[in-house]
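My notes follow in the order I looked things up.

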Amino acid sequence: MVEIANYTVRPFTRKEQMIRGKDDLEPLPTAQNTYRNNLAFSLLPAEQLQKIIPSPIKLTTGAGRLALTSSLPIYAEKGLENEADFLKQKLKALTGKDFSISTGTPSAKGILLKTGPISVKGITKEAYKLDIDGNGVSITGSDAAGVFYGVQSLLALIPIEAYLTPAADIELRYTQIEDAPRFPFRGLHLDVSRNFQTKETILRILDLLAFYKVNQFLFYTTEDEGWRLEIDGLPELTKVGAQRQHTSGKETSVLHPAYGSGPTPYKEGKYGSGYYTKADFVEILKYAKARHIKVIPELNFPGHARAAIKATEARYERLMKEGKPKEASEYRLIDPDDKSVYMSAQGYSDNVVSVGPESTYHFYEKVVDEITKLYKEAGLPMDVMHAGGDEVPEGVWTKSPIAAKLLKDNPTIKDPKNLQAYFFRNLLKRLRKRNLEVHGWEEVALTKLANGTYVPNSEFVGQHVVPYIWNNLFDPDLGNRMANAGYPVILCNVSNFYFDMAYNNDPQEPGLYWAGYVDTRNNWAFAPFDMFKTTYKTAMGKPINFAGLERMRPDARKNVLGIEAQLWSETVKGRDMAEYDILPKLLGFAESAWAPERPWETIENRQAREKSMAVGWNVFANTLAQRELPRLARINGGYNYRLPLPGATFDKGLLTANVELPGLLVRYTTDGSEPTMQSALYTAPVKVTGTVKLKSFDRAGRSSRSAIVAVPNP
């Protein structure tokens, strides 16, 4: 196999190249359409910006100012050493000065960190109060996490100028904040199996989550295309399952190339191979713990298991050659005589485990027990396991002798398609013996009817099973029905929270589009208890008819534990692409996860609701452009965030331009060169000739891609 390197990507120019088919109703991503969309936004002065993202419950400011200098010691109660040291390091990065840390009663003006009985709007966990006045800074949390989030709010209040040009002296306005999270579960799911991300990238992402008060990290380390975690006693999981390479056929115990990984494993610039050692994983756990983030491991069974299957088959072959048939079969995951024909959503015909043999469950328990040891080494309890359970294709287990015997011995199962519920029932018993709360994709708590319709399976209600609901476009009321059925749910709506969906339908915009397009506003515009208020159209842009669909009952709202964003990595190659997909979407997500209910969420009239949303989004968009994004260019060495392309149009021979995030600058050229910070600044309609290139720039000097507009002939 030889990689093709001498190729050229030609730009799309025809409509049929830019749309997804004849049913695609989304308008073309022209500069003119972008300009029209941007007319809804207006520039706001700094005093009207949102003070903190995500918004606190209550924030008031006074007239005075506090000089935040290293002359202010940090006083920390016993038990808050982690939070004090975190603050000390962040302030040193900003000021270049060391802030001392003391314990006990403050003897002078300083920064006080303490815990106490805090309740904000009836919420006690992770709540805090922050006071900045002439006596210094006081942060009181209901627990250590509350103190930590108070620290993050303090850092967010530091003027953007201090991040762009660090200085020893920082001035803070007198401020009082009372705050607590809307949802206890605020998560990001990260797939590192389709394409691998380094440990260092994971740590950078954890820092991002902490700053925006996201407290759960679903670490997706197993998939069809890769197994990314070292497991004691099962070396093939990483020797075989963690690398993709050229092979002679799909029957071999090797993972073939996928997603551009190339024919050679571990080649520089490719992302198909890689794994975390046990020490890496423990380091990640400790890093997350210090930032009050719970890492949730996932082992996705019975589908999406091809890497595990290939690895355990390699193990089987090795031990059989060594004359150890008993050991060889101990963790085997397949029925070798299975002739079932199926095709998974990703095109695999061999990615589902056999749910009959004890070896399948023994393998799962072995992995869980080894991961539990790593949590213990990190000083953490492992009390949650995500069991996956999604996208098990039609046709599995239909021609498996082991499955046939299972059905004969258990006539109540009736049909092979019900074997997934059988598997989960048995897995659940084993995981509950380990005191684990079991999370899973929505399918783990559903039953499939003969006509293909999914309905809630009441069997696991009250069994510490938490389904994650993603499918709100093809089954729009599923989240409502699951909550109404009594399940505690995590809402992961694909129309709002799939970070791997492209920001828009520009052919040069990276990402997928099978569920439409997801931008920062989609993440911000989410009404968790009435999703119909914010999701109006299908993936192809057709209006959704909500008539006859089930609404969430008021008494079921308590079952919404929180929300989660997803970054699947089929199209994500390396750190820069991951950060581009995450930012600035994460900021809109954080607002939906933490901030109190927005006024527009309860407005029934669509016109009035959208008017209220437009006002709120304009403030948020201004805040992103003027403060949040430039700061992201500076913290932790700088993140790779996306800036939107300008919109532009011609009228009476004049070029008029605007931008989606007010506060960004628009610069342009007319000689075919790429705009830079030294290029002409657009301030008002201007007469130009030739082909115009425009870019948006922020205060940190970061820019968008170019928007190219050809001046029409007079």
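I started at Pro29, which lies in the loop between helix H1 (15-18) and helix H2 (31-38). I took helices (H or I, at least four residues) and strands (E, at least two) as DSSP runs, numbered from the N terminus. This is a predicted model, where local features need pLDDT of at least 70, side-chain atom pairs count only at pLDDT 80 or more, and totals for chains, interfaces and linings use all residues. Residues are numbered from 1 along each chain as its sequence is written, and side-chain values use heavy atoms, with hydrogens and water left out.

Pro29 counts as partly exposed, at 24% relative accessibility. For burial I used under 20% relative accessible area as buried, over 50% as exposed and in between as partly exposed (1.4 Å probe, protein chains only). What does Pro29 touch, not counting residues up to four places away in sequence? I found Asn505, Asp506 and Pro507, with contact meaning heavy atoms within 4.5 Å. Pro29 and Pro507 are 478 residues apart along the chain, yet their C-alpha atoms are separated by 8.4 Å.

**Parallel sheet**

Next I traced an open sheet of 8 strands, with parallel pairing and the order E12-E9-E8-E19-E18-E17-E14-E13. Two strands pair if DSSP finds at least two bridges between them. Strand E12 (294-297) and strand E13 (384-386) are at the edges with a single partner strand each, so one side of each has no neighbour in the sheet. On average, neighbouring strands here are turned by 25 degrees against each other, direction ignored. I noted that axes are lines fitted to C-alpha atoms, for helices over the stretch in contact, and that angles run from 0 to 180 degrees between N-to-C directions.

Inside this sheet I checked E8 (residues 185-191) against E19 (residues 560-567): they run parallel and are joined by 6 bridges. Arg186 stands opposite Ile563 in E19.

**Mixed sheet**

The other open sheet I followed has 7 strands in the order E1-E7-E5-E6-E4-E2-E3, and its pairing is mixed. Its edge strands, E1 (58-68) and E3 (101-102), each pair on one side only. Helix H4 (residues 144-157) packs on the sheet, touching E4, E5 (128-133), E6 (136-141) and E7 (170-179), and its direction makes about 40 degrees with that of E5. E2 (residues 74-76) and E4 (residues 110-115) pair in the parallel sense over 3 bridges, and Tyr75 has Leu112 in E4 as its bridge partner.

**Helix H9**

Is H9 enclosed or open? I found 12 of its 16 residues buried, so H9 is largely enclosed by the rest of the structure. Among the buried ones are Arg306, Lys310, Glu313 and Tyr316. They pack against neighbours including helix H7 (236-239), helix H10 (325-329) and helix H11 (358-377). After H9 comes Gly323, with a positive phi near 75 degrees.

**Two last checks**

The axes of H18 (residues 585-594) and H19 (residues 606-632) come within 11 Å and cross at roughly 120 degrees. Leu587, Gly588 and Glu591 in H18 meet Phe620, Leu624, Glu628 and Leu632 in H19.

In strand E26 (residues 707-710), Ala707 and Val709 make up the covered face, while Ile708 and Ala710 are on the uncovered one. E26 runs antiparallel to E25 (residues 691-697), joined to it by 4 bridges. Val692 stands opposite Val709 in E26.
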